[in-house]
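I wrote each entry as I went along the chain.

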Amino acid sequence: MGFVKGAWRVLVAVKDGLALIALLLFFALLYAFLSSGPNPGAVRDGALYLNLDGVVSEQPAAIDPVNALLSQNVPMREYRQRDIVRALDLAVKDQRIKAVVLDLDRFAGGGQTSLAAIGDRLDKVRKAGKPVYAFATGYSDDSYQLAAHASEIWLDPLGGVLPAGPGGSRTYYKGLLDQLGVKAHIYRVGTFKSAVEPWMRADQSPEAEEALRALYDEIWGQWRADVAAARPKAKLDALLTDAAGQAEAAQGDLAQLALANGLVDKLGSRMAFGKYVAGKVGKDREEKIGGFASVAPDALLAAHTPASGGAPIGVVTIAGDIVDGKGGPGVAAGDSVAELIYRALEQDDLKALVLRLDSPGGSVTASEQIRLAVEAAKERKLPVVVSMANLAASGGYWVSTPADTIFAEPSTITGSIGIFGVLPSGREALAKWGVTTDGVKTTPLSGEPDLLGGVSPEFDRMAQSVIEKGYRDFLTRVAKSRGKTIEQVDAIGQGRVWAGGTARQNGLVDRLGDLDDAIAEAARLAKLDKGAWHVRYIDPQADLASGLLGLLLPQPTQSQSPTDLFARAAMERQMTLSRIAADLQMLTGTKGAQVRCLECAAVAGVPQLIVKDVESPHRWLRLITRS
């Protein structure tokens, strides 16, 4: 008995000890979280240091605690575009900021519209007499678009500059499905709904090639114009038309090739670059070799409180896939975004509403839920202005329809007005293994869609009818909001995507301009005088668990953020495998009706996160639909 009592005391002591350790760890993390905010006192004479070791996005996604803990990879960092833009605006005025340093060594990219906005602010920094220095081991399309706006571009002697332009191959599964005995039932409306072609063809249709080539040419032309204006001495033509010949002529020395063609100004290691910058802005306090006096953007933002005088103009960001249910930042969950808008409308002092859109679309029901919330703002006589960022297509355009004015930028991807659905059935595949199905139906739709026994012709007809009705609804909403006939919208619809400049010409958007232009228009519509208003960003809040986990995650390593060209190629291979996995998820998953542009992510160059959305309540119609 004494042994049992002693063992029990030991177990109780262990339990109490573990509970105490867990409690202490929790409070330590909580203290770290609460004290982890930027320190305004850290701003001193030196360079604004933009170390972009991740991607630029409109709204960084919240960290999923479960996935992050189970995954072998550290989540890629996301930097909010408007924070970078505001930090650069402050750098122009703050006398303590002597220069701006762009560390693009591990930059993974962003949308062309976002990068153009940052490049514009870098130009303003230079016009203010403050130099901009850029460094990377290798420059690709996105990183060079930013670097081109620098006063001096540095390149590691082992690196190179190799812009490739948009485009590439796409995976087609029709041959595989035929061999497996799987049939893809496709329901679609629109000549240009190329998103379903991988399941019905072995190659690209002429219509899809026509649409994408026109879009690529326009987007790529804008990239080249931006780079040429920012760095006129850069000789890009020969490299873009004959990269292999240029590399061979330079005996494989891409760094010397970039220097000879005026793409970069100096070759040097990171250490040499740091010493050079230190000679311009001063050494860091710790006097590290290669270090220089620097200011983090968060500290600079914290040192300058945004204006708060006058009436507020609310800005709601709708970023990421539009999904049903609730979700945190970086996902446009219908319940959450609508609730955010309704809460904003409860603020009696709000004078106008601006929607900042960066979404390929998604759930029809969630898109309509958000649209109705925007309509509620219109019913309260609030001016509503839409500002399209990199991407506002399909469902992203659906939620824009109530706006008084729609702004886009030349490289914005929009349109994709259309709907389609894909359903797999495996009757032939099962028959190869001797598996058959049989049963009794009380109606033609009993047990439909039968994904094992084969989808019936009756269900096919009904599903196509539902898709066509959804397309008519889309056309009707657009026609009403744009002052066009349904036939006119159908002519520019059909699932085709457009760049912002062409979208303005065909009437899908009103004006070209950035977020600042959209906010100024909202103030004008609200009849607010200059200086009599301020911006109120209405953002979702990340949960405590995500915030605490962010403090525990290690810094990204080379496997997450590659530097040289071969490492970037390896990352592209991983992304290709992820895209194939996403395609399979699209075919086999169960989702409600969607209005989504699947082609847009690759065109816009925006990293897309795979999210799990809530299953549609319409269980009788299990359509995996996209637009």
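**Entry 1: strand β15 and its partners.** Strand β15 (residues 384-393) and strand β17 (residues 413-415) pair in the parallel sense over 3 bridges, where two strands pair if DSSP finds at least two bridges between them. I noted that helices (H or I, at least four residues) and strands (E, at least two) are DSSP runs, numbered from the N terminus.

Before going on I wrote down that this is a predicted model, in which local features need pLDDT of at least 70 and side-chain atom pairs count only at pLDDT 80 or more, while totals for chains, interfaces and linings use all residues. Residues are numbered from 1 along each chain as its sequence is written, and side-chain values use heavy atoms, with hydrogens and water left out.

I then looked up strand β16 (residues 405-408), which pairs with β15 in the parallel sense over 3 bridges, and there Val-385 stands opposite Thr-405. β13 is joined to β15 by 6 bridges, and these two strands also run parallel; Leu-355 has Val-386 of β15 as its bridge partner. How many residues of β15 are buried? The strand is mostly covered, with 10 of its 10 residues buried, where buried means under 20% relative accessible area, exposed over 50% and partly exposed in between (1.4 Å probe, protein chains only).

**Entry 2: helix α14.** I turned next to helix α14 (residues 334-345), whose 12 residues reach 17 Å from the first C-alpha to the last, close to the 16 Å expected at 1.5 Å a residue; the expected span is 1.5 Å times one less than the number of residues. The buried residues of α14 are Gly-334, Ser-336, Val-337, Ala-338, Leu-340, Ile-341, Ala-344 and Leu-345. What covers these buried residues includes β10 (311-319), β13 (352-359) and α15 (364-379), with contact meaning heavy atoms within 4.5 Å.

I looked at α15 again as a packing partner, and α14 and α15 pack at an angle of about 5 degrees, with their axes 8 Å apart. Axes are lines fitted to C-alpha atoms, for helices over the stretch in contact, and angles run from 0 to 180 degrees between N-to-C directions. That makes α14 roughly parallel to α15, since angles under 35 degrees count as roughly parallel, over 145 as roughly antiparallel, 65 to 115 as roughly perpendicular and the rest as oblique. The residues of this contact of α14 with α15 divide into 12 nonpolar, 2 polar and 1 charged; Ala, Val, Leu, Ile, Met, Phe, Trp, Tyr, Cys and Pro count as nonpolar, Asp, Glu, Lys and Arg as charged, and the others, Gly among them, as polar.

**Entry 3: the open sheet.** In which order do the 6 strands of the open sheet stand? I read the order as β8-β6-β5-β4-β1-β9, with parallel pairing. β8 (266-267) and β9 (294-295) stand at the edges with a single partner strand each, so one side of each is left without a neighbour in the sheet. Strand β6 (residues 152-161) is joined to β8 by 2 bridges, and Trp-154 stands opposite Lys-266 in β8.

I followed β4 as well, which is mostly covered, with 6 of its 7 residues buried. β1 and β4 are joined by 6 bridges, with Asp-103 in β4 as the bridge partner of Asn-51, whereas 4 bridges join β4 to strand β5 (residues 132-139), where Tyr-133 is the bridge partner of Val-101.

Entry 4: The residues making the contact include Ile-84 and Leu-88 of α3 and Ile-118 and Leu-122 of α4.
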